[in-house]
Amino acid sequence: MSEAEPITIACLDLAGTTVADGDLVETAFAEAIAALGIASGTAAHERSMARVRESRGGSKIEIFRSLFDEARAQAANLAFQQSYDQLVDRHGLRPVPGADRAIERIRGAGVRVCLLTGFARSTQARILDTLGWWDRADLTLCPEDVARGRPWPDLVLTAALRLGADDVRHIAVCGDTANDMRTGRRSGASIVAGVLTGAHDRPRLLAAGATHVLPSVAAFPDLILAGAPAPLDKALTADHG
């Protein structure tokens with residue numbers, strides 16, 4: 001991509017990227033697994049949680065399908081949604097510091113914003129309702145909108161189609177997990193930025209294909225509004241400290 005071909009679509013993840021996660025998602029996973037009779041503190045529970053941590057960013061129902069048969073996966077997914085809703089009721093939600101301003105700057109520059117998630121539609125809606133964020137994005141997508149969730153490219157490619165991208169290289173992706181990075185790279189996006197406010201650390205993000213690693217989404221507008229991305233060999237130091 002040349003400097004004459006700027007980013008026109010930004011695809012941003014929710015939990016851990018634009019929405020402060022804390023341990024709400026992991027707690028909801030742990031409670032959902034326990035609800036199926038796999039007690040916390042047991043080796044089986046720890047194995048299941050290790051799988052969850054490895055798969056963060058992916059479709060929640062697909063994560064449960066990797067652990068259970070279909071009926072139990074559906075039950076676990078429902079338990080996860082109920083647990084997450086209850087945790088939000090108790091603890092609330094807040095944006096990652098600088099996220100509101102970052103989205104405002106991106107859209108103010110004429111770049112269209114898609115908010116992506118691995119959550120089910122009802123959970124995504126709960127997040128957007130709680131934060132009052134329905135007007136922050138030009139498009140919102142979840143696994144129910146596509147044939148395949150992350151790490152497949154379908155979410156980003158669907159955003160490209162719905163928002164009228166001329167070229168996938170005009171897309172920038174931002175997320176906090178290895179699966180976010182894989183989705184971005186498989187879609188052909190020219191900028192695939194990992195942030196250090198969520199599930200995975202710098203080595204994991206780079207190993208999954210991040211072109212840049214940033215301290216948080218607050219640095220994302222400077223990256224995508226500056227023109228062409230830095231070469232990959234500079235990405236290792238593109239964390240602003």
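Reader: What order do the strands of the open sheet come in?

Author: This is a predicted model, and its open sheet of 6 strands runs in the order β3-β2-β1-β4-β5-β6, with parallel pairing.

Reader: Nice. Which strands stand at the edges?

Author: Those are β3 (139-141) and β6 (212-214). Each has a single partner strand, so one side of each is left without a neighbour in the sheet. From one strand to the next, the twist averages 20 degrees.

Reader: And β1, how many bridges does it share with β4?

Author: β1 (residues 9-13) pairs with β4 (residues 171-175) over 4 bridges, in the parallel sense. In that pairing, A10 stands opposite A172 in β4.

Reader: OK, helices now! Which strands does α7 lie across?

Author: Helix α7 (residues 154-162) lies across β1, β2 (112-116), β3 and β4, and it runs at about 155 degrees to β3. Helix α8 (residues 178-187) lies across β1, β4 and β5 (191-195), at about 175 degrees to β5.

Reader: Switching topic: at what angle do α1 and α2 cross?

Author: The axes of α1 (residues 24-35) and α2 (residues 43-55) cross at roughly 140 degrees and come within 10 Å. The two helices are therefore oblique to each other, and their crossing is right-handed.

Conventions. Residues are numbered from 1 along each chain as its sequence is written. This is a predicted model: local features need pLDDT of at least 70, side-chain atom pairs count only at pLDDT 80 or more; totals for chains, interfaces and linings use all residues. Side-chain values use heavy atoms; hydrogens and water are left out. Two strands pair if DSSP finds at least two bridges between them. Axes are lines fitted to C-alpha atoms, for helices over the stretch in contact, and angles run from 0 to 180 degrees between N-to-C directions. Contact means heavy atoms within 4.5 Å. Angles under 35 degrees count as roughly parallel, over 145 as roughly antiparallel, 65 to 115 as roughly perpendicular and the rest as oblique. A crossing is left-handed if the near helix is turned anticlockwise from the far one by less than a right angle, and right-handed if clockwise.
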